[in-house]
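Open the model in your viewer and keep the sequence panel beside it. The stops below say what to select and what is there.

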Amino acid sequence: MIKNLEQVVAMVLTSFPDQHPRVRWADINAIEQLSTDLGPDLQVKYHQGVLPALAGAMDDFQNPRVQVSCTFIEVIFLILEHGFLLMI
């Protein structure tokens, strides 16, 4: 998966501005899964695209589910990027 990570991230990020909240929510969950599974490789190489996309999705006031998921994933993304483990 790491060898195709650039294509996967690009595919997920291109659908972040989709009009449908379920698509945006699915994108956020994809970032969560990639962050969990691929950890530092994703955070180090693709933070410049992922973090702005997550920050933009946090402005979705019409869809609180998207906002909450996005906030949670951004925290996890940043924690994994810096090598800390969050126990929930």
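Start with Asp41, which lies in helix H2. Keep in mind that this is a predicted model. Asp41 is partly exposed, because its relative accessible area is 28%, and the limits for that class are 20% and 50%. Show what surrounds Asp41: beyond the neighbours within four places in sequence, Asp41 is in contact with Ile2, Leu5 and Tyr46. Draw a distance between the C-alpha atoms of Asp41 and Leu5; the two residues are 36 apart along the chain, and the atoms are separated by 8.8 Å.

**The whole chain**

Now zoom out and colour by secondary structure. The protein chain has 3 helices and 0 strands, in the order α-α-α from the N terminus. Of its 88 residues, 34% count as buried. Taking contacts in the chain with a separation of 6 or more, 59% are between residues 24 or more positions apart.

**Helix H1**

Select helix H1, residues 5-14. Which residues of H1 are buried? They are Leu5, Val8, Val9 and Val12. These four lie on the same side of H1, because the arc they cover around the axis is only 95°. Turn to the other side of H1 to find Glu6, Gln7, Met11 and Thr14, which are exposed. Then bring H2 back into view: H2 is included in what covers the buried residues of H1. Leu5, one of those buried residues, is also the Asp41 contact from the opening stop.

**The nonpolar core**

Next, select Phe16, Ile28, Ile31 and Leu54. These have the most contacts inside the largest nonpolar core, which has 20 residues. Helix H1 (5-14), helix H2 (21-57) and helix H3 (64-81) each give two or more residues to this core. The largest share, 11 residues, comes from H2.

Stay on Ile28 and display its surroundings. What does Ile28 contact, apart from neighbours within four places in sequence? Its contacts are Phe16, Leu54, Ala57, Val66, Ser69, Cys70 and Ile73. Among them, Phe16 and Leu54 were also in the selection of residues with the most contacts in the core.

Move on to Ala30, also in helix H2. Ala30 is partly exposed, because its relative accessible area is 25%, again within the 20% to 50% limits. Draw a line from the C-alpha atom of Ala30 to that of Ile73: the separation is 9.9 Å, for residues 43 apart along the chain. Ile73 was one of the contacts of Ile28.

**A buried arginine**

Select Arg24, found in helix H2. Is Arg24 buried or exposed? Arg24 is buried, because its relative accessible area is 10% and the cut-off is under 20%. Show side chains here: that of Arg24 makes a polar contact with the side chain of Asp60, at 2.5 Å. Leaving out residues up to four places away in sequence, Arg24 touches Phe16, Asp18, Gln19, Asp60, Asn63 and Val66. Phe16 and Val66 are also in the list of contacts for Ile28.

**Around the rings**

Finish with Trp25 and Arg65. The charged end of Arg65 sits over the ring of Trp25, 3.9 Å from the ring centre. How many aromatic pairs are found in the whole structure? The search finds 0.

Conventions
Residues are numbered from 1 along each chain as its sequence is written. This is a predicted model: local features need pLDDT of at least 70, side-chain atom pairs count only at pLDDT 80 or more; totals for chains, interfaces and linings use all residues. Side-chain values use heavy atoms; hydrogens and water are left out. A nonpolar core is a set of buried Ala, Val, Leu, Ile, Met, Phe, Trp, Tyr and Cys residues joined through side-chain atoms within 4.5 Å. Buried means under 20% relative accessible area, exposed over 50%, partly exposed in between (1.4 Å probe, protein chains only). Contact means heavy atoms within 4.5 Å. A polar contact is a pair of N or O atoms within 3.5 Å; within protein, one must be able to donate a hydrogen and the other to accept it, and residues adjacent in sequence count only if both atoms are side-chain atoms. Rings of Phe, Tyr and Trp (its six-membered ring) pair if their centres lie within 6.5 Å; planes under 30 degrees apart count as stacked, over 60 as edge-to-face and the rest as tilted. A charge sits over a ring if NZ of Lys or CZ of Arg is within 6 Å of the ring centre and within 35 degrees of the ring normal. The arc is that of the directions from the helix axis to the C-beta atoms.
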